[in-house]
Amino acid sequence: MTTRRDPKPRLRSRGGRTASQIRWLERQLADRFVAEAKKRGYRARSVFKLQEIDEKYGVLRKGLAVVDLGAAPGSWTQYAVQKGCRVVACDLLEMQPVPGARFLRGDFTDPDVQARLLELLEGPADVVLSDAAPSTTGLRNVDRLKSEALAEAVLDFAERALRPGGTCLLKLVKGAEAALRARVRERFSGWRLIRPAATRAESSEIFLLATGFRGGEEPPADPEARAA
Ligand SMILES: C[S@@+](CC[C@H](N)C(=O)[O-])C[C@H]1O[C@@H](n2cnc3c(N)ncnc32)[C@H](O)[C@@H]1O
């Protein structure tokens with residue numbers, strides 16, 4: 001699929017919409033990823049971010065147990081099911097069922113929701129995905145801190161759920177990765193930051209792919225703590 005942009009389409013009538021609704025609709029109409037998602041029966045254009053990462057780094061394959069955090073409306077879940085994965089999805093919002101996936105409505109940062117997700121998994125996860133995004137304020141530092149906190153919660157869950165060798169893919173606001181670097185290095189053998197082609201030009205999102213979860217290994221000793 002190309003990423004060429006069409007000249008900006010305009011709505012013929014406002015139909016009682018606000019200016020920001022009009023801007024959103026015109027942007028959707030101009031977006032090739034929206035059109036392609038619709039054509040292929042995906043619920044959101046974000047599927048192409050996961051597809052690109054998966055095609056480059058081989059995240060998903062048949063038989064893997066996958067948790068999809070922040071899953072609604074469900075395009076990542078659809079994609080993972082199509083790849084033959086066993087998917088447990090979770091969102092604050094209701095989600096239309098995706099045949100072949102299990103869904104839990106709730107806040108994945110809540111320990112009770114995490115416990116229920118672990119039950120639904122019926123064993124360790126191979127992959128934890130998170131496209132979850134906190135509501136934004138427009139204040140860069142506040143949004144970065146909210147993104148860091150949500151990403152820490154994803155990592156908390158991933159460290160409980162993943163089998164050794166497992167993978168975690170999570171979305172961040174650019175800049176939030178700095179606060180996570182030490183933890184990710186300690187708990188995973190590899191990691192990289194990815195900005196997929198389907199990420200909108202004006203978006204500050206970035207994806208962190210952490211591979212080779214070290215499992216129950218003790219984290220490397222802190223030299224300062226040892227010296228104390
Ligand atoms: C960008 S959308 C996900 C799109 C999805 N990957 C797809 O392809 O259809 C982000 C979702 O994260 C959810 N979310 C944000 N914080 C959450 C939380 N703490 N627990 C569960 N879901 C959360 C939101 O409700 C929203 O539906």
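This is a predicted model: local features need pLDDT of at least 70, side-chain atom pairs count only at pLDDT 80 or more; totals for chains, interfaces and linings use all residues.
Let's start with the strands. Seven of them form an open sheet with mixed pairing, in the order E3-E2-E1-E4-E5-E7-E6. Strand E3 (101–105) and strand E6 (188–194) are the edges, each pairing on one side only. On average, and ignoring direction, neighbouring strands of this sheet are turned by 15 degrees against each other.

Arg192, for instance, has Leu209 in E7 as its bridge partner.

## Helices on the sheet

Helix H6 packs on the sheet, where it touches strand E1 (65–69), strand E4 (125–130) and strand E5 (162–173). The direction of H6 makes about 165 degrees with that of E5. Helix H7 packs on the sheet too, touching E5, E6 and E7, and its direction makes about 15 degrees with that of E7.

## Where H6 meets H7

How do the two helices sit against each other? The axes of H6 (residues 140–161) and H7 (residues 177–187) come within 11 Å and cross at roughly 10 degrees, which means that H6 is roughly parallel to H7.

From H6, the contact draws on Glu148, Ala151, Leu155 and Glu159; from H7, on Ala179, Leu180, Arg183 and Arg187. That gives four nonpolar residues, four charged and no polar ones.

## Around the ligand

Now for the ligand, which has 21 residues around it; Ala44, Gly70, Ser75, Asp131 and Ala132 come nearest. Helix H4 (75–82) and strand E2 (86–91) each supply at least two residues of this shell. By type, the shell divides into 12 nonpolar, five polar and four charged residues.

Key. Residues are numbered from 1 along each chain as its sequence is written. A residue is near a molecule or strand if its C-beta atom, placed from the backbone, lies within 6 Å of it. Helices (H or I, at least four residues) and strands (E, at least two) are DSSP runs, numbered from the N terminus. Ala, Val, Leu, Ile, Met, Phe, Trp, Tyr, Cys and Pro count as nonpolar, Asp, Glu, Lys and Arg as charged, and the others, Gly among them, as polar. Axes are lines fitted to C-alpha atoms, for helices over the stretch in contact, and angles run from 0 to 180 degrees between N-to-C directions. Angles under 35 degrees count as roughly parallel, over 145 as roughly antiparallel, 65 to 115 as roughly perpendicular and the rest as oblique. Two residues are in contact if their C-beta atoms, placed from the backbone, lie within 7 Å. Two strands pair if DSSP finds at least two bridges between them.
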